[in-house]
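These are my notebook entries on one structure.

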Amino acid sequence: MGKIIYISGGISSGKSLFAEKLCFEKNKKTVYIATAKAFDEEMKEKRRKHIERRKDKAWDTIEKYTEVYSIIDSSDFVYELALLDCVTMLISNIIFEDEEFDVNSEIDCKKTFKKVEEEIDQLLKSISKSSCDFIIVSNELGLGGISENKLTRYFTDLCGKVNQKIASQSEEAYFLVSGIAMKIK
């Protein structure tokens, strides 16, 4: 059964760098599962920096924006350790793959919430059946105030529920603040 190490913290808190260091220390056959889409110049630059940081590591990289479980369930998935970075982007991808999603539609919100929940449940099920250990990175979005923007409130709530589910199934959990990791589980 795959072990989960969960890493959370604010945006640019050092989560990815900390996760990469954990992977490097474990010295196992590793795959980096990247969920971020480079949809503008800022994201392209952030993605480039992440790739540059990993260039000397003998890790494979798989870019998978949704349905991450499908690669874990594949017979080609022969890794001992996987770094999934990050769940927040995965959720965003699921929400916005439906170009007609309307946050003001209760039906759309419920449908999308269910789709995200099912995908995360399948991901956790696939991890539990795998012999691969996983380091899962996600943003903590609930430390700020309540947004006036309905989409932001919906997204924050959805991410919070997903993060709780993943953290509850993890064997270890870390929270990062200003590049400092605090073990919380």
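Entry 1: Helices (H or I, at least four residues) and strands (E, at least two) are DSSP runs, numbered from the N terminus.

I then listed the residues that make the contact (heavy atoms within 4.5 Å). From α4 they are L90, I91, I94, I95 and E97, and from α5 they are T112, K115, V116, E119 and I120. Six of the contact residues are nonpolar, one is polar and three are charged. Here Ala, Val, Leu, Ile, Met, Phe, Trp, Tyr, Cys and Pro count as nonpolar, Asp, Glu, Lys and Arg as charged, and the others, Gly among them, as polar.

**Entry 2: how covered α4 is.** I found α4 mostly covered, with nine of its eleven residues buried. Buried means under 20% relative accessible area, exposed over 50%, and partly exposed in between (1.4 Å probe, protein chains only). The buried residues of α4 include V87, M89 and S92. Against what do they pack? The partners are α2 (41-54), β4, α5, β5 and α6.

**Entry 3: the nonpolar cores.** A nonpolar core is a set of buried Ala, Val, Leu, Ile, Met, Phe, Trp, Tyr and Cys residues joined through side-chain atoms within 4.5 Å. The largest has 35 residues, of which I33, F77, I91, F134 and I166 touch the most other members. Elements giving two or more residues to this core include β1, β2, α3 (69-72) and α6 (150-168). With seven residues, α5 gives the most. I also looked up I33: its contacts, not counting residues up to four places away in sequence, include I62, V68, L84 and F134. A second, separate core of 18 residues includes I5, I7, L22 and A34.

Entry 4: Leaving aside neighbours within four places in sequence, E20 is in contact with Y32, H50, R53, R54, W59 and L83.

**Entry 5: backbone exceptions.** Most residues other than glycine have a negative phi, and most peptide bonds are trans. I noted a cis peptide bond between D85 and C86, with omega about 5°. C86 is in the loop between β4 (81-85) and α4. S12, not a glycine, has a positive phi of about 60°. S12 lies in the loop between β1 (4-9) and α1 (15-26) and is exposed, at 67% relative accessible area. N27, also not a glycine, has a positive phi of about 50°. N27 is in the loop between α1 and β2 (30-34) and is exposed, at 69% relative accessibility.

**Entry 6: conventions.** Residues are numbered from 1 along each chain as its sequence is written, and side-chain values use heavy atoms, with hydrogens and water left out. As the model is predicted, local features need pLDDT of at least 70 and side-chain atom pairs count only at pLDDT 80 or more, while totals for chains, interfaces and linings use all residues.
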